[in-house]
Amino acid sequence: MRMVKFIAIICCLFSVFDTAIAQDNIIPDGRKWIMREYNANPFISFNNIVTCVVNGDTTLQGYAYKKVHFVKNNNAETADISMLVRRDNSKIYRRYGTYGKWGAEELVFDENWQLGDTLPFLIATDVYARIIATGELQGRKYWNVSDWFTWLKGVGYINTLMFFDTYSGTTGDNLYSLICCVDPGNDTLYVNRDLLYLLETGVENISADEISFTQQGGECVVTLPCDAAWSATLSNSAGVTVARCSGEGSEIILPATSKGTHILVVNAGGRVVKKKVFIK
């Protein structure tokens, strides 16, 4: 199975829309999914960071679709439109392809499926996928399909064991794990906290250990090793942004109203650092 098919299958992923107008309201241009690409066989090895970005509309055979662009390692030269997606009420459909040649439309998921339902996805000879668990994850409903993949409402496929249709990977095939899904403005819809370290690129002469984080009553104080123009974002354990601010100097003050484990992202002088912090 070719890599472009795997990327398309995985990134079909994503929650979509009822009409051409509703699409823009529910899944805005600029929404992106960031994934880890890796080899599963003969051994697990990291390949690339793949970013999927929604940008633009098109009509094909009477249906309105959103375009999904794929970029590897933030390299614009690798950009490719390999996916079209649309929503029809609770059902999500995709077409994958390349160079403007699109395959047949395929059903990705139906959010009306219930626990115990058998799905039209063949796992093995005469064996079809089933919904074996439902629940809530990071504030959103999820469906566990035969311990094969998980669909998260409003996000799409996320990492469980492997992604849809990649369970049978052979030597040389690429697999993908979703790191995060964000809207324009970096509002986080989903985050895989175990993989956030993969996004720590471009960090020079500053490390997370050099950033001091202390709590003083109802405030959190972040101390930088030197004066710099900075911006800071604090996200809670559900991946929701709880504070965002910017300024200049060596001290950042954030509210301590959200309790528990958080991810702090600081851009200081153009150098990005991510740090796991705890607020009592």
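Mentor: Let us start with a term: a contact means heavy atoms within 4.5 Å. This is a predicted model, in which local features need pLDDT of at least 70 and side-chain atom pairs pLDDT 80 or more, while totals for chains, interfaces and linings use all residues. Residues are numbered from 1 along each chain as its sequence is written, and side-chain values use heavy atoms, leaving out hydrogens and water.

Trainee: Which residues is Ser235 in contact with, leaving aside its neighbours within four places in sequence?
Mentor: They are Thr188, Val240, Thr241, Val242, His262 and Ile263. Ser235 itself is found in strand β16.

Trainee: What makes Ser235 buried or exposed?
Mentor: Buried means under 20% relative accessible area, exposed over 50%, and partly exposed in between, using a 1.4 Å probe and protein chains only. Ser235 has 12%, so it is buried.

Trainee: And how do you know whether Lys274 is buried or exposed?
Mentor: The relative accessible area of Lys274 is 15%, which puts it under the cut-off, so Lys274 is buried. Lys274 is found in strand β19 (residues 271–279). Its C-alpha atom is 6.8 Å from that of Ile263, eleven residues away along the chain.

Trainee: Why are β15 and β16 said to pair?
Mentor: Two strands pair if DSSP finds at least two bridges between them. Strands β15 (residues 212–216) and β16 (residues 219–236) share five bridges in the antiparallel sense, so they pass that test. Gln215 stands opposite Cys220 in β16. The two strands form a hairpin with two residues between them, and Gly217 in the turn has a positive phi of about 60 degrees.

Trainee: What makes β8 and β12 edge strands?
Mentor: Look at the open sheet of five strands, ordered β8-β9-β10-β11-β12 with antiparallel pairing. There, β8 (118–124) and β12 (156–158) each have a single partner strand, so one side of each is left without a neighbour in the sheet. The partner β9 (residues 127–137) is joined to β8 by three bridges, and Thr118 has Arg130 as its bridge partner in β9.

Trainee: What kind of aromatic pair do Phe149 and Tyr157 form?
Mentor: Rings of Phe, Tyr and Trp (its six-membered ring) pair if their centres lie within 6.5 Å; planes under 30 degrees apart are stacked, over 60 edge-to-face, and the rest tilted. Phe149 and Tyr157 are 4.6 Å apart centre to centre with 75 degrees between the planes, so this pair is edge-to-face. Trp151 and Tyr157, at 5.0 Å and 85 degrees, are edge-to-face as well. Phe149, Trp151 and Tyr157 belong to one aromatic cluster, which also includes Phe109 and Trp113.

Methods
Helix = DSSP H or I, 4+ residues; strand = E, 2+ residues; numbered from the N terminus.
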